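Please read it alongside the sequence and the 3D view.

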Amino acid sequence: MKNSWKEECGVFGIWNHPEAAKLTYLGLYAMQHRGQESAGIVSLDTQTAGQPIHRIHKSLGLVADAFSEATLAKLTGSVAIGHVRYSTTGDNSVVNAQPLTSELLTGPLAVAHNGNIVNSSTLRTALQRDGAIFQATSDTEILLHLLAKHPSNDLVSALTEVLKNLVGAYSFVILARDRLVALRDPLGFRPLVLGQMKSGSGLCYVVASETCALDLIGAQLVREIEPGEIVEISSEGIKSSRFSDGTQSTRKSANCVFEHVYFSRPDSVVFGKSVYDSRKKFGVKLAEESPIDADIVIPVPDSGVPAAIGYSQKSGIPFEFGIIRNHYIGRTFIQPAQSVRDVGVKIKLNPQTEILKDKRVVVIDDSLVRGTTSQKIIALIRQAGAKEVHLRIASPPTTGPCYYGVDTPQKSELIASEHSLEDIRKHIGADTLAYLSEDGMWKALNSGPERFCAACFNGEYPTSLKGVETKKTTDQKDKSQAKQI
Ligand code: AMP
């Protein structure tokens, strides 16, 4: 499915709080970085037995724009789930916005999904042959169809069976009439945590993609949902079961390393590790592996900041904000009719001449994907009078596309998959260029490829890729363009 390829999402769920929808709104607000194209909340009142459908509001755009005080007020009930979504390919329509809802024989269900199901095309075709009618193009709907066909009246028993058909990355939050279910795929590609807080005289449970969402609403982190685990929250409390015992794979987990490199917020604890700490350690390792004589270390804001602090502390070269970021740019801005040089990049990032002039500058960014951002930034730093510009990337060369839910372009657009370090250096216009080694990344994480998925860096995909669209035609076209650097 073309448009299920590039999805980065955040999911949230809350059980037993009088302001469930408002807290979901806040949770999504904290996770806005995980998806900016649509937002949705479904709420439910567990007391009102026989309610046919959840209360729902979904809209394109940012969380703050998608919900008003009035829409939130209509989402009554003590239980809610929410979703933020980002898809870069074509179909950014509200039908693909989540949570998805449907009326099954067993009752209403709402589903929010983060990740990407690798064999979705195959499953979808089989379901369609069998008469299923799909409303949307996202891979998430497949789960609803598989559940609808399953004979069991018990949601968890049905899930335990049908999830065995899915290959890939999925953290699901599911709202049924009388329970909230949170689960992660057998390898735990995407994060999902369980939290709790007091609510009246009882306990309120929360699930979220990232701990920063728990922080905002004042919930305490209890633990991660384990890979292959289903956590069921109901009026009877919490029940945990497993739909996968991990024996299907030689590895126990495939946590996405890119969550630590770029995707998660630095104030989150992801896969049991502080993201800020990981990024800072990537910078320390980078300074050990690729030192350079220079006057200042500057980050590409905001993604390069923790690594630049690490690089600066290890190397002893002073840290400066040489580029200032405008945090208030929207999706679109009005371009002047007359071409004004670099307006595109300058609207977001403005280099400070007073800091950069006549300096030997080390620039730190978290990753280099296509190379276009770095090329523009280096040109701006030179225009501001820097004497030398040394680019240091706090992750290894990105050489493989992600099929598990991070929006990386196809292989031919990944500059490091087709070009040597020296070619890339020339293309982006740096005096020197160095990446963090894969080994350095593992040392910084105090872990290794047996625990994390690093397919974007090492090409080792932890699942079968059967059913993944090869995008051959576009790929070949792009290849010829990529060669022209
Ligand atoms: P480029 O090399 O021009 O493709 O862009 C690299 C920049 O994009 C880096 O500064 C990263 O912070 C950022 N980046 C890396 N991965 C992603 C992603 N999946 N989505 C959006 N931005 C990203």
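How far does a polar side-chain atom of tyrosine 262 lie from a nitrogen atom of the ligand? The distance is 3.0 Å, inside the limit for a polar contact (a pair of N or O atoms within 3.5 Å; within protein, one must be able to donate a hydrogen and the other to accept it, and residues adjacent in sequence count only if both atoms are side-chain atoms). The model is predicted, so local features need pLDDT of at least 70 and side-chain atom pairs count only at pLDDT 80 or more, while totals for chains, interfaces and linings use all residues. Residues are numbered from 1 along each chain as its sequence is written, and side-chain values use heavy atoms, with hydrogens and water left out.

- The ligand is surrounded by 15 residues (a heavy atom within 4 Å), and the closest are Asp365, Asp366, Arg370, Gly371 and Thr373.
- This shell divides into 5 nonpolar, 5 polar and 5 charged residues (Ala, Val, Leu, Ile, Met, Phe, Trp, Tyr, Cys and Pro count as nonpolar, Asp, Glu, Lys and Arg as charged, and the others, Gly among them, as polar).
- At least two shell residues come from each of α8 (257–263) and α13 (372–383); helices (H or I, at least four residues) and strands (E, at least two) are DSSP runs, numbered from the N terminus.

**Parallel sheet**

- Four strands form an open sheet in the order β17-β20-β21-β22, with parallel pairing (strands pair if DSSP finds at least two bridges between them).
- β17 (296–299) and β22 (432–435) are at the edges with a single partner strand each, so one side of each has no neighbour in the sheet.
- From one strand to the next the twist averages 20° (axes are lines fitted to C-alpha atoms, for helices over the stretch in contact; angles run from 0 to 180 degrees between N-to-C directions).
- β21 (388–393) is joined to β22 by 4 bridges, and histidine 390 has threonine 432 as its bridge partner in β22.
- Helix α10 (305–315) packs on this sheet, touching β17, β20 (360–365) and β21, at about 165° to β17 (contact means heavy atoms within 4.5 Å).
- α13 also packs on the sheet and touches β17, β20 and β21, its direction making about 150° with that of β21.

**Antiparallel sheet**

- An open sheet of 6 strands has the order β5-β6-β7-β8-β12-β13, with antiparallel pairing.
- β8 (180–184) and β12 (229–234) pair over 4 bridges, and leucine 180 stands opposite isoleucine 233 in β12.
- Helix α6 (155–162) lies across β6, β7, β8, β12 and β13 at about 165° to β12.

**Backbone details**

- Most residues other than glycine have a negative phi, and most peptide bonds are trans.
- The bond joining glutamine 98 and proline 99 is cis, with omega about 5°; proline 99 is in the loop between β4 (79–87) and β5 (100–104).
- Another cis bond runs from proline 301 to aspartate 302, with omega near -5°, and aspartate 302 is in the loop between β17 and α10.
- Aspartate 358, not a glycine, has a positive phi of about 65° and lies in the loop between α12 (353–356) and β20.
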